Amino acid sequence: MTALLLIAWGHLHGLVALEVFRHTSFLGDHHTETFRTAMRNLLEDIHRRIAVAPAPRP
């Protein structure tokens, strides 16, 4: 679980740093859409990696 947290934090931090230091300016008006898509993909990846407990049997 700690590794997953560090992966997510590193990804988020990297995207924010790129945005803050304007390294995404070449995207023009699409940098917001790119950031939002990257965050959505990150969340989907996290949900996929978290194990789901099986439903209890009656």
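The points below concern a predicted model.

1. Salt bridges. A search over the whole structure returns two salt bridges. They join D45, R48 and R49 into a network. In general terms, side chains of opposite charge can pair when their charged atoms come close.

2. D45 and R48. The closest N and O atoms of this salt bridge lie 3.3 Å apart. Both residues belong to helix α2 (residues 31–49), where a spacing of three residues separates D45 and R48 by about one helical turn. R48 has a relative accessible area of 61%, and because the cut-off for exposed is over 50%, R48 counts as exposed.

3. D45 and R49. The second pairing has an N to O distance of 3.1 Å between the side chains of R49 and D45. Here the two residues are four apart in helix α2, again about one helical turn. R49 is partly exposed, with 48% relative accessibility.

4. Nonpolar core. Which residues make up the largest nonpolar core? There are seven: L4, A8, L15, A38, M39, L42 and I46.

5. Contacts of L15. Leaving aside residues up to four places away in sequence, L15 touches F35, A38 and M39.

Note on methods: Residues numbered from 1 in each chain as written. Predicted model: local features only at pLDDT ≥ 70, side-chain atom pairs only at ≥ 80, totals over all residues. Heavy atoms only, no water. Salt bridge = Lys/Arg side-chain N within 4 Å of Asp/Glu carboxyl O. Buried < 20%, exposed > 50% of the residue type's maximum accessible area, 1.4 Å probe, protein only. Core = buried A, V, L, I, M, F, W, Y, C linked by side-chain atoms within 4.5 Å. Contact = heavy atoms within 4.5 Å.
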